[in-house]
Amino acid sequence: MAETLPKVWLKPGREKSLRRRHPWVFSGAIERVDGDPKPGATIELVAASGEFLAYGAYSPTSQIRVRVWTFDARERVDAAFFRRRLVRAVESRRRLGLLDEPNSACRLVFAESDGMPGFIVDRYGDYLVCQVLATGAETWRVTLVEQLAELCAPRGIYERSEGGARHKEGLPSRRGVLAGEEPPAAIEVRAGDVISLVEVLAGQKTGAYLDQQHNRRRVAAHAQGDMLDAFSYTGGFAIACLKSGARGATLIDSSHEALALAERQTSLNGVRERCRFVAADVFDELRVLREGGAQFDLVVLDPPKFVHSADQIPAGSRGYKDINMLGLALVRPGGVLATFSCSGHVDALLFQKIVAGAAVDARRDAQILERLSQPPDHPVAIEFPEADYLKGLIFRVH
């Protein structure tokens, strides 16, 4: 780079993860900072020996003190740099065929896995929704929005930059129109023959959960008889299964608002009359069903994240075991359980061990039919295993 950048020096021996091209540097790895970098400023990262390691974005209040933009000493972090990264991300989804249909939905930019730490973009038909979750992305926010508008030509770009991730970066929550039109109250999108309504302004995350679109189709391949959609949110699994052979579906969620949208979506897909909606604590309702002797041919467990940090793994693991014991008890012999975890701190091996323990305690025999993960629009950069957060198992239960 031509200009002189602030320099962040690592402690001796703390450069090993950078040599493996991991994009995070924690505060405890830093020896000193030369200069006075502002939040989000581009800095030069060097080993204790003074050897160049990377250019990254500085975040003075976060435990993740530096998020790496590039490991190439010759690469300048400027508007052209971000355009190249955005073009690469969009082209990747185009090659997957995810941009062929005008009313489809997909994740267009997936933060670190697309070389854009702290920046997420979801596409819902003609609209883009952004999450700016780190100071580096915040610093380049205007440039990123301008380039997205130019590359994708959406009707509108909306921001949903909220929650704990921004607070850890010292950033306030923010939402609103960034470019073009404000999205309508509900955007109609399609995945195969399933129609979904995305409420960008009121829904979770950027308006919907896009990481289960592929898995809903895989689970629906096992649909027959009566199915239970626990933690149903807006009914994505139930709708897919009812369109693929299930006779009826019970949807349980604690959110009245989510179930209200589920009712609208099931009506839109022509399956409303085969659904039963239950607004309740899912753990409590599953116990009620178990005590009442209820059984289903297919049970889907798709709970929210139980583990938010490493110190929560023991408690979260107990939560996963409890919910799977309840789910297993509700599967009719010969039926199917599909169970998921979106907790990044619970890896696939640990999750399988938890469910295996639940099967032992529930006195049910189970065979793994499929292992599931996140879809290709949520790629996992090989050097960043933290992006590999979603795991699922489909079991035959005896």
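# A buried arginine, a nonpolar core and a pocket

Setting aside residues within four places in sequence, Arg166 is in contact with Val132, Leu133, Glu138, Ser161, Leu171, Pro172, Ser173 and Arg174. Contact here means heavy atoms within 4.5 Å. You're looking at a predicted model, so to speak of local features the pLDDT must be at least 70, side-chain atom pairs count only at pLDDT 80 or more, and totals for chains, interfaces and linings use all residues. Residues are numbered from 1 along each chain as its sequence is written, and side-chain values use heavy atoms, leaving out hydrogens and water.

Where does Arg166 lie? Arg166 is part of helix α5, residues 164-168. Helices (H or I, at least four residues) and strands (E, at least two) are DSSP runs, numbered from the N terminus. Is Arg166 buried or exposed? Arg166 is buried, because its relative accessible area is 0%; the cut-offs are under 20% for buried, over 50% for exposed and partly exposed in between, with a 1.4 Å probe and protein chains only.

Now for the core. The largest nonpolar core has 30 residues, and Leu228, Leu286, Val299, Ile323 and Leu337 have the most contacts inside it. A nonpolar core is a set of buried Ala, Val, Leu, Ile, Met, Phe, Trp, Tyr and Cys residues joined through side-chain atoms within 4.5 Å. Elements giving two or more residues to this core include β14 (225-230), β17 (296-301) and β18 (331-341), while α11 brings the largest share, five residues.

Take Val299: beyond four places in sequence, Val299 touches Leu228, Gly327, Leu330, Val331, Val336, Leu337 and Ala338. Val331 sits in strand β18, and Val331 is buried, with a relative accessible area of 0%. With neighbours within four places left aside, the contacts of Val331 are Gln295, Phe296, Val299, Val336, Leu337, Arg364 and Val397.

On to the pocket. The second largest pocket holds about 320 Å³ of space. On a 1 Å grid over the protein atoms alone, a pocket is an open set of points with protein on both sides within 12 Å along at least five of seven lines, whereas a cavity is a set where a 1.4 Å probe fits but cannot get out; lining residues have an atom within 4 Å of a point. Grid points are joined across faces, edges and corners, and a volume is the space filled by probe spheres set on the points.

Which residues lie nearest the centre of the second largest pocket? Of its 19 lining residues, these are Leu98, Ala105, Ala191, Gln213 and Arg217. β7 (105-110), β12 (187-191) and α6 (213-220) each give two or more residues to this lining, and α6 gives the most, with three residues.

β12 pairs with β13 in the antiparallel sense over five bridges; strands pair if DSSP finds at least two bridges between them. Arg190 stands opposite Ile195 in β13. β12 and β13 form a hairpin with two residues between them, and Gly192 in the turn has a positive phi of about 65°.

Positive phi also turns up in residues other than glycine, such as Arg21 and Lys205. Here they are, with how exposed they are.
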